[in-house]
Amino acid sequence: MSNHTDLPSNNEDSIQNMTENTANDLSQSNIEATANDSVEDITLENDLAIEEFFAPSGSAQLADDFRSGYVAIVGRPNVGKSTLMNHLLGQKLSITSRKPQTTRHRIHGILSNHEMQAVFVDTPGIHRNEVRAINERMNKAAVSALVDVDLVLFVVDSDQWRDDDLLTLQKLGETDLTIVLVINKSDTLKDKGSVLPLIETFNESFDFADIVPVSALKNQNLDRLQEVIASHLPIAAPIYDTEQITDRSERFLASEIIREKIMRSAGDEVPYDLTVQIDAFKDEPAHTDPKTGRPRKACTFIDATIFVERGGQKAIVIGDKGQRIKQVGMDARKDMEQLFGKKIMLTLWVKVKRGWSDDERALTSLGY
């Protein structure tokens with residue numbers, strides 16, 4: 001009798017054990033291979049997710065000859081520059097009113113599609129009257145916008161050519177920039193055929209790269225203008241995420257919305273000497289009220305101060321029994337909620353800050 005009881009007793013047992021061992025080895029190999037494949041798949045998915053997260057939105061749909069660049073919108077005050085940018089974007093960013101020199105800051109609006117990205121710079125109107133520090137700063141802001149842009153849209157009124165138009169053209173003539181003439185409000189011409197000799201007159205006065213008649217307010221010929229813009233931009237990757245519409249902060253946009261509502265509400269009653277400062281801008285996430293136990297939606301609380309230069313102006317802004325400032329708050333809050341996509345709680349104050357529009361320190365502190 002053998003002492004090795006653990007050895008197979010016959011050849012059949014040996015064959016069976018060999019088969020089982022081989023099967024176990026193959027099974028183990030398959031498990032290891034499957035595990036390795038799973039690890040590689042997970043690693044690949046993670047890499048793709050990370051790459052997609054940091055890539056600009058919609059970048060996979062961009063054309064091979066994608067174009068991008070900065071486009072300055074210049075012209076005299078109240079010629080429709082802000083309206084043009086807003087309608088090109090399909091989104092209201094720059095405030096508008098019938099009052100000249102409504103735009104005081106350079107505002108960037110970003111238009112993106114699968115073929116191009118145009119970063120518009122809506123500028124204050126260039127004007128000769130520089131009687132106060134704020135006027136001088138606005139002119140400087142408009143001229144400085146021409147630095148490092150790829151294209152200029154020179155906007156004029158279809159039936160009015162003024163000295164400030166010539167001043168703007170002189171400023172443009174000092175550069176070597178590509179300039180497209182945009183003849184706005186062409187829908188107001190009684191004789192549509194008169195736009196052709198107008199184009200010829202402009203073309204003789206300056207070497208424009210293109211001349212495009214439009215109606216910004218009525219969205220007429222803006223598709224053609226977009227095509228012209230794209231044709232003059234360099235082939236380059238997007239400058240901003242293609243989902244982004246502006247590089248300005250929500251605080252800045254909120255202050256501009258409030259200022260617009262005051263200027264629209266009061267019209268000529270409200271003097272030019274008015275500005276808005278955002279004192280607080282606090283986002284509160286959705287939560288349960290600890291006192292009532294009720295759920296509360298996410299909300300942004302905004303406190304703003306409206307500065308005027310004289311006591312009489314303060315009374316105008318507040319209105320009879322506070323009705324004007326109340327309506328301004330309601331209208332501004334509505335626009336903010338639409339633009340920011342969230343609930344807004346807005347508190348407004350009106351204060352007198354004498355001589356702010358001609359005070360260099362005050363202008364700097366107020367963001368000019």
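**Entry 1: ground rules.** I count two residues as in contact when their heavy atoms lie within 4.5 Å. Residues are numbered from 1 along each chain as its sequence is written, and side-chain values use heavy atoms, with hydrogens and water left out.

**Entry 2: Glu115.** I began in the loop between β2 and β3, where Glu115 is found. Which residues does Glu115 touch, not counting residues up to four places away in sequence? I noted Ala63, Asp65, Phe66 and Arg67.

Entry 3: I checked pLDDT, the predictor's confidence in each residue, from 0 to 100. The protein chain averages 76, and 68% of the residues score at least 70. Among the elements, helix α1 (residues 11–54) has the lowest mean, 48, while helix α6 (residues 222–232) has the highest, 96. A reminder to myself: where pLDDT is low, the predicted coordinates should not be read in detail.

**Entry 4: the whole chain.** I noted ten helices and eleven strands in the protein chain. Of its 368 residues, 42% are buried. Among contacts with a separation of 6 or more, 72% join residues 24 or more positions apart. The accessible surface (Shrake-Rupley method, 1.4 Å probe; for residues, only the protein chains shown count as cover) comes to about 20,700 Å², and carbon and sulfur atoms hold 49% of that.

**Entry 5: helix α2.** Is α2 mostly covered or mostly open? It is mostly covered: eight of the nine residues in 81–89 are buried. These are Lys81, Ser82, Thr83, Leu84, Met85, Asn86, Leu88 and Leu89. I listed their packing partners as β1 (67–74), β2 (107–112), β3 (116–122), β4 (151–157), β5 (179–184) and α6. Just after the helix, Gly90 takes a positive phi of about 70°.

**Entry 6: the β7-β10-β11 sheet.** Next I traced an open sheet of three strands, ordered β7-β10-β11, with mixed pairing (two strands pair if DSSP finds at least two bridges between them). Its edge strands are β7 and β11, each pairing on one side only. From one strand to the next the twist averages 15°. Strand β7 (residues 274–284) runs antiparallel to β10, joined by ten bridges; I found Asp283 opposite Thr300 and Glu284 opposite Cys299.

Entry 7: Helix α8 lies across β7, β10 and β11, at about 155° to β11. Helix α9 lies across β10 and β11, at about 140° to β11. Angles run from 0 to 180 degrees between N-to-C directions, and axes are lines fitted to C-alpha atoms, for helices over the stretch in contact. The axes of α8 (residues 311–318) and α9 (residues 323–340) come within 5 Å and cross at roughly 60°. The two helices are therefore oblique to each other (under 35 degrees is roughly parallel, over 145 roughly antiparallel, 65 to 115 roughly perpendicular, and the rest oblique). Ile316, Val317 and Ile318 of α8 make the contact with Gln323, Arg324 and Ile325 of α9.

Entry 8: I flagged Lys185, which has a positive phi of about 60° although it is not a glycine. Lys185 is in the loop between β5 and α5 (195–205) and, at 27% relative accessibility, counts as partly exposed. Asn219, not a glycine either, has a positive phi of about 60°. Its place is the loop between β6 (210–213) and α6, and at 46% relative accessibility Asn219 is partly exposed.

How values were computed
This is a predicted model: local features need pLDDT of at least 70, side-chain atom pairs count only at pLDDT 80 or more; totals for chains, interfaces and linings use all residues. Helices (H or I, at least four residues) and strands (E, at least two) are DSSP runs, numbered from the N terminus. Buried means under 20% relative accessible area, exposed over 50%, partly exposed in between (1.4 Å probe, protein chains only).
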